[in-house]
Amino acid sequence: MTVATRGELGGWQSRTTFVLALSASAVGLGNLWRFSYLVGEHGGGAFVLTYVLCLFLVAVPVMVAEVVLGSHGRGSPLAAIRLASDRSLLSRGWMLVGVLACLTGILILSYYTVVAGWALAYARDMQAGTFSYASASLVAEHFAHFLEDPLRLVFSQSLFLLAVMLLVALGVRLGLGLLVWLVVPALVTLLAVLIKFGFDNGDIPAARDFLFNVKLVDFSPQAALVALGQAFYTLSVGVGTGISYGAYAPRRTPIGRSVIAVAVFDTVIALLAGLAVFPVIFANNLEPSMGPGLVFFSVPYAFGNIAQGDLFGALFFLLVVLAALGSAVAIMEPAVGGLIEMTRLRRPVAVLIVGSVIWVLGLAVALSLAGEGRGNWYGTGSLLSLLDRLTADCLLPLVALLTALLVGWRMRRELLRAALRRESALFFSLWRLLLRYIAPAAMVLIMLAAYLGGPG
């Protein structure tokens, strides 16, 4: 009996749960600090338009390809690709794509859990009033001291990872399914509360000018490449999440329309995150930034120097933790599912094994940031930076490229059409055209840009 008919890992009964699950996996840490900043720095409306084009011409076709593999194979990335290879009379060597996707996910989680642990610790610090009316120098010193405290780093990372492991161990329906019904509404609610606070206490005109004005003078070919990179990374393709979640989706799910809905939701959340943060940032006369500079410097200082800011700053970091939780659970699931299918281990045991590997790697990442552990990791400064560049610049686009080649060029057309039977013939033809020609070229461009030292 095949994996496709057995569906041994479980599944969801509702298309809505599937869409919410993909949405929760897509809305990660990067949405809350990266997208809005890039919009403001690279031409405003012109950047958004380019990003949307890249999203639907590159990222969505690859995500649809992943979900098609999962929907057809009804298993982990390894099992789904094995079945697709067998039914298309291909070498089982293509299973290496699934192995590479799971490995990439584990490497990402090794530093993702560390950064999420920072947010967890900062939520507690904000709630305790640590940054209440603190100067910018004190906020910077707090972060420096935090990174030099290996015990606190490891504790925060371990606490977050434990929550992820518990949710994955509960299974597809009770763990993943229940999580997304809680996380997505909570994300939207927290964003609404923070936007209201930002509108009441922030500099709305400055934020509006930064985010939404069309500034063609700031838009360039480099900005277009940045938009391509952001569109690709935002849907979390390349780690097997689409394959695993596609396997758990109801059989009659309209895959194309579902993925498009996820892409729209992800973009809206990213823009709303900018409206939640940047009005408060500009109200405190701070220069906009992205990444840790925004989240762990600007946000604590800005919220700490506004009335009731401690409470709303804590809510912001809770928002970051919830977004990270949805993504982390989605990234861990493919590796856990693959281990279950290969070894017949019980789910809790498989979760413990995968989680232990992630914890050990995360321990190395945390120690590379603390005290004597800091050093020059091949020119990147820390193990976190090294893993970030390795996964973002090499592994993720490589897995996406191989997925596009497998599904677009090697899988039998009738298998693909059967998986996308709920979509029109026009949609199917356009999707296959984009997957075969546009998406691979974009993946190669992203890797070349990274190799040559460019953005993306």
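## Pocket lining, nonpolar core and aromatic pairs

The lining of the second largest pocket consists of eleven nonpolar residues, one polar residue and no charged residues. Here Ala, Val, Leu, Ile, Met, Phe, Trp, Tyr, Cys and Pro count as nonpolar, Asp, Glu, Lys and Arg as charged, and the others, Gly among them, as polar. The model is predicted: local features need pLDDT of at least 70 and side-chain atom pairs count only at pLDDT 80 or more, while totals for chains, interfaces and linings use all residues. Residues are numbered from 1 along each chain as its sequence is written, and side-chain values use heavy atoms, with hydrogens and water left out.

The volume of this second largest pocket is about 170 Å³, taken as the space filled by probe spheres set on grid points joined across faces, edges and corners. A pocket is an open set of points on a 1 Å grid over the protein atoms alone, where a 1.4 Å probe fits, with protein on both sides within 12 Å along at least five of seven lines; lining residues have an atom within 4 Å of a point. Among the lining residues are Leu78, Cys102, Gly338, Met342 and Val357. At least two lining residues come from each of α7 (95-127), α16 (309-343) and α17 (347-369), helices being DSSP runs of H or I with at least four residues, numbered from the N terminus.

The largest nonpolar core has 176 residues, and Trp118 is one of those that touch the most other members. Such a core is a set of buried Ala, Val, Leu, Ile, Met, Phe, Trp, Tyr and Cys residues joined through side-chain atoms within 4.5 Å; buried means under 20% relative accessible area with a 1.4 Å probe, protein chains only. Leaving aside neighbours within four places in sequence, Trp118 is in contact (heavy atoms within 4.5 Å) with residues including Phe143, Phe146 and Phe296.

The whole structure holds 25 aromatic pairs. Rings of Phe, Tyr and Trp (its six-membered ring) pair if their centres lie within 6.5 Å; planes under 30 degrees apart are stacked, over 60 edge-to-face, and the rest tilted. Two pairs are tabulated.

| Pair | Centre to centre | Between planes | Class |
|---|---|---|---|
| Trp12 and Tyr248 | 5.6 Å | 85° | edge-to-face |
| Phe210 and Phe278 | 5.2 Å | 45° | tilted |

Trp12 is in the loop between α1 (3-6) and α2 (15-26) and Tyr248 in helix α13, so this pair ties together parts 236 residues apart in sequence. Both Trp12 and Tyr248 are buried.

How values were computed. Buried < 20%, exposed > 50% of the residue type's maximum accessible area, 1.4 Å probe, protein only.
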